[in-house]
Amino acid sequence: MSEAPLVELRNLEKEFAGTKALKGVSLSFASGEVHGLLGENGAGKSTLIKILTGVYSPSAGEIRLEGVPVKISSPPEAHRLGLGAVYQDAELVSSFTVGQNILLGNEPGRVALNDRAIHDEAARILAKMGIDLDVRRPAGDLSAAEMQLVTLATLFHRRYKLIVLDEPTARLSAAESEVLFRIIEGFKTQGIAIVYISHRLREVQEICDRATILRGGLVSGTLNRGEVTEDRVTGLMVDRNRSELSTFNNGESVLPDVALEVTAISTARLAPLSFKVHAGEVLGVTGPVGGGMEELARALGGITRHSGSASVRGKTVALATPIQARSAGIALIPEDRRKQALFPSLSVAENICLPVLHSLQRLLTVSPGPMRKYADGVMERLAVRPPNSSTQVRFFSGGNQQKLVIGKWMSAGAAVYIVVEPTNGVDVGAIKEIYDIILGLARGGAAVLLVSSSLRETLAMADRIMIIHDGVKVAEAPKKDWSYDELLAVTLSGISRRAA
Amino acid sequence: MSSGRKESAAMRFLRRWGTIVVIVLAGLGFALASPYFATVSNLNNVLFSMIVSALVSMGLTWVVMAGSFDLSIGLTVTTSSILVAFLMPVVGPWLAIVIALAAACVIGLVNGVLVTYGRLSGIVVTLGVMFVLDGINVFITGGYQVPIDYGETAFLYLGQGKLGTIGVPVIILLVIFALALIAATRTRIGHYIAAVGDNPMAAFYSGINVYRWVILAFVLSAFMSGIAGIIVTSISSSAQPVGGEGYLLEAFAAVFLGATVLGKGKPHVLGTLVGVFFLYMVDSGMNMVGFPFAARHIFQGLVLIVAVGANALLNREEVHLKFI
């Protein structure tokens, strides 16, 4: 390579409120290269990508595009520079057809639009990509996987120089993944650089020319094709120096009675699986993002349609709606706190008291006094800061918001708590407190399902660990049987070396 | 995840043509009940009476397409009407029209900029602008109507003239409708406004300047209301300082009724025109058959709810959690 690389990152740093997410990353992407990006949760992958696509700006360091220093101040600016991304949540205009979506923003013709030309061009793009889809179908009728493929097709006309694909196979079947890989080959021949983020090692081995492993905000190594082996990747990913989490569940709260028993639960993206959780036990459910563990949480929370049966404390329960799940004694604490668990413009007291309002009310009215008293009690127990129950929830940090979500359900007395990615977007200082709160739930006699893609978190918190990979339960074993490296190997490859 | 939705041919037919079928049936009913209903001269009457409302409704269509609301359209009609009546003796009719239309566009621009760059909600902004305009109108007119001089024959021709049997304003309406239809279905304007209204995030990531199209929608809305104001002034030979609000509610009814036409589920220009036509046809028909005035509103309200409700039933979402 005689010329400057397409994109070069020099000593990129990013600091969030005193915590360094990136500590000086230097990395380059070449034209026509597929560059894998691997790393544990919190290693800095998503921060790096957000800087590259203009969502964050770096605290220090430099980005060079074709040898020229550039400032990527916003997503449209990134777009203008030719840096694009496809996120897991594909964005399409649902009332438009597939064809209109593919060419949105880049329709042929000047002022007038030619419907036929748009759909012909879109059909040509789809044919070239090897996707068999009717361009006149409304985008709103597509399946999630089809949407993702259409989103990829929209990249064709955008003339990107570099495309970030974040867990692109999370929603795709094996056959659809093959289509994706062909698309990536097509991008390569056009000289486009692909940054490929994945937790699935096989994919990285198959399609990446190089792979960079991030660890603790630093590049821990870049491997060439052929060097990407399970052992080497594991070695580079695991941070031996990182202090072990100070919270550790030693399993003393586990009681003999079964709190939740699930038999052959399955959804469209989850093969039938069964398991039991005892009272006072934490079952860690882990695996690649989008590999099915979230689907399990949604099914048990009554959100996703599913088949199979479940019983809580020995009683068979129906979980068709969130209301049924709630009254069956299952509390789901979702990952997206702001959207799915809190009312950002209501006060802390109003949020926390919601599940217990009926017990606080006197003569059909709820006066602010008892509400505040109750909320203050919860906040004190959970060490929420600032300890002011009349403040609106949106003014709290991510960590304190997470405590509030748990606090909201704590006294509701659920038999089973499903906690999804509890420390995502949580400031480092609050993580330990949240762990203690979750373990507190188990000590209180509840069963806890901890759904997390962080292995460190799973190892610290769980009594038993279950791995779901591509919608299939590949392993379940007590924590003492797992080493970190072994757990990482199974989540990456989806192959358990011992019987599940 | 409703891929490959199976539905019967009857359902498909109903979704696409349901509203039209209801309109045709209502028309047939009136025609049977009154011999004067299905005549060319009555059609002319209905078209003539709906001109102002149709222009305002078509304007509103852009804003609802873009995913917002415009409550200031009624008062924009009044404002443009007063401006043109006030300025005519000073600057002559043509310049007065240009200034009135420009003022309308400024109103739309203010709405659009506040909703986008100002980060305010469309309902709040246009409600505020509505009150402000009302205050200004009453202030400058003192609450009295502003008459147009009978010597302004060219200006009065716009609203009162005839080409053969068809009124000039009906022709103006049809021309503007044709232009709006082309802009909405054959150009980037309609395409991008619809994209922005449906999924602004997708539009944003497609490199579309979202704010620009939202602002344009508000400007188009105000511009069409401005034209309506000029025509209503010409028709009635005067500008009325009050009464513009009435167009607003009619326009919303027409836009939402229109969204069900052809089963689109989204507002569109043709649907809006059909919606306005339906409201005025019912008015005329019930008048001829002898229903009291109040009954007409009851009927129109019920039709609106049933049409939009039936459409929602046919386009069922998995979870419905939007109550605006």
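Visitor: How many of the 10 residues in helix α18 (residues 484-493) of chain A are buried?

Guide: A residue is called buried under 20% relative accessible area, exposed over 50%, and partly exposed in between, with a 1.4 Å probe and protein chains only. Helix α18 of chain A is mostly covered, since eight of its 10 residues are buried. This is a predicted model, in which local features need pLDDT of at least 70 and side-chain atom pairs count only at pLDDT 80 or more, whereas totals for chains, interfaces and linings use all residues. Residues are numbered from 1 along each chain as its sequence is written, chains are lettered from A and ligands numbered from 1 in the order in which they are written, and side-chain values use heavy atoms, with hydrogens and water left out.

Visitor: Which residues of α18(A) are buried, and what covers them?

Guide: The buried residues are Y484(A), L487(A), L488(A), A489(A), V490(A), T491(A), L492(A) and S493(A). Their cover includes helices α7 (201-207), α8 (230-237) and α17 (455-461) of chain A, together with strands β13 (282-286), β19 (464-469) and β20 (472-478) of chain A. Helices (H or I, at least four residues) and strands (E, at least two) are DSSP runs, numbered from the N terminus. After α18(A) comes G494(A), with a positive phi near 75 degrees.

Visitor: What is the phi of R313(A), and where is R313(A) placed?

Guide: Most residues other than glycine have a negative phi. R313(A), however, is a residue other than glycine with a positive phi, near 50 degrees. R313(A) is found in the loop between β14 (307-312) and β15 (315-317) of chain A, and its relative accessibility of 56% makes it exposed. In chain B, S237(B) likewise has a positive phi, near 55 degrees. The place of S237(B) is the loop between α11 and β4 (238-239) of chain B, and at 13% relative accessibility S237(B) counts as buried.

Visitor: How many residues does the largest nonpolar core have?

Guide: A nonpolar core is a set of buried Ala, Val, Leu, Ile, Met, Phe, Trp, Tyr and Cys residues joined through side-chain atoms within 4.5 Å. The largest one here has 78 residues, and M58(B) and W62(B) are among those with the most contacts inside it. Helix α11 (residues 210-236) of chain B gives the most to this core, namely 12 residues. A second, separate core of 64 residues includes V34(A), L92(A), I183(A) and I467(A).

Visitor: Which residues are in contact with M58(B), leaving aside its neighbours within four places in sequence?

Guide: Contact means heavy atoms within 4.5 Å. With those neighbours left aside, M58(B) touches L173(B), I176(B), F177(B), M224(B), V269(B) and T272(B). On the same terms, A184(B) is in contact with W62(B), G190(B), H191(B) and V269(B). A184(B) belongs to helix α8 of chain B and is buried, at a relative accessible area of 16%. The C-alpha atoms of A184(B) and H268(B) are 7.8 Å apart, although 84 residues separate the two along the chain.
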